[in-house]
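Have the structure open while you read.

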Amino acid sequence: MKNEYYMADYYHCNNCDNYADDIISEKEKVICENCDETMIAVFSELLLSDFHGIYIPKVFVESFDLEKWNLKLDKEEKEILNNPENESYWDSWNDVLNNAELIDKDKNKYFLHQDGDLFAKCYVEFKG
Ligand SMILES: [Zn+2]
């Protein structure tokens, strides 16, 4: 995980659903052009590329620190996620996507987001 901020991937306005991806700003508050609300900075980090295809859940469970992601999988869930042929594989993976949450030392919260590739996403509202 990042220890410091880099440029946000994009900014999102929760108020009017406006996106801005052309803003170069570091640790700066960004104001929405449409509605003057503070925009949320979204940072994302690629964890696993879709090169892994249907094995993304399996690889994630095998190679990432599940405790850091606040995931407490029992033996059965780990077995399910180890086998893409298992009928519960995708359901279990959805549970992981919905429940995983990592908090770094700066108290930033990261969530899992899969859009082909698997990303860690962090939403930050700069107060400055
Ligand atoms: Zn707005």
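1. Overall picture. Keep in mind that this is a predicted model. The chain has three helices and six strands, and along the sequence they come in the pattern β-β-β-α-α-α-β-β-β. The C-alpha trace spans about 50 × 25 × 25 Å along its principal axes.

2. Burial and contacts. Of the 128 residues, 14% count as buried. If you take the contacts with a separation of 6 or more, 51% of them come from residues 24 or more positions apart.

3. The six strands make an open sheet in the order 2-1-3-6-5-4, and the pairing is antiparallel. Strand 2 and strand 4 are at the edges with a single partner strand each, so one side of each has no neighbour in the sheet.

4. Strand 1 with strand 3. These two run antiparallel and are joined by three bridges. To find the spot on screen, look for His12, whose bridge partner in strand 3 is Ile40.

5. Strand 4 with strand 5. Strand 4 (residues 101–103) and strand 5 (residues 109–115) are antiparallel too, with three bridges between them. Glu101 sits opposite Phe111 of strand 5. The two strands form a hairpin with five residues between them, and there Lys107 has a positive phi near 70°.

6. Strand 5 with strand 6. Here six bridges hold the antiparallel pair, with strand 6 covering residues 117–124. Gln114 is the residue opposite Leu118 in strand 6. This hairpin has one residue between its strands, and Gly116 in the turn takes a positive phi of about 75°.

7. Helix 1, the buried side. Which residues of helix 1 are buried? In this helix, residues 56–63, they are Ile56, Pro57 and Phe60. They fall on the same side of helix 1 because they cover an arc of only 100° around the axis. As a reminder, an α-helix has 3.6 residues a turn, so residues three or four places apart point the same way.

8. Asp17. This residue is in the loop between strand 1 (10–12) and strand 2 (19–20). Is Asp17 buried or exposed? Asp17 counts as exposed because it has 10 C-beta neighbours inside 10 Å, and the cut-off for exposed is 12 or fewer.

9. Asp36. You'll find this one in the loop between strand 2 and strand 3 (40–48). Asp36 is another residue other than glycine with a positive phi, near 65°. There are 10 C-beta neighbours inside 10 Å of Asp36, so this residue counts as exposed.

Key. Residues numbered from 1 in each chain as written. Predicted model: local features only at pLDDT ≥ 70, side-chain atom pairs only at ≥ 80, totals over all residues. Pairing = 2+ DSSP bridges. Helix = DSSP H or I, 4+ residues; strand = E, 2+ residues; numbered from the N terminus. Buried ≥ 20, exposed ≤ 12 C-beta atoms within 10 Å, placed from the backbone. Arc of directions from axis to C-beta. Contact = placed C-beta atoms within 7 Å.
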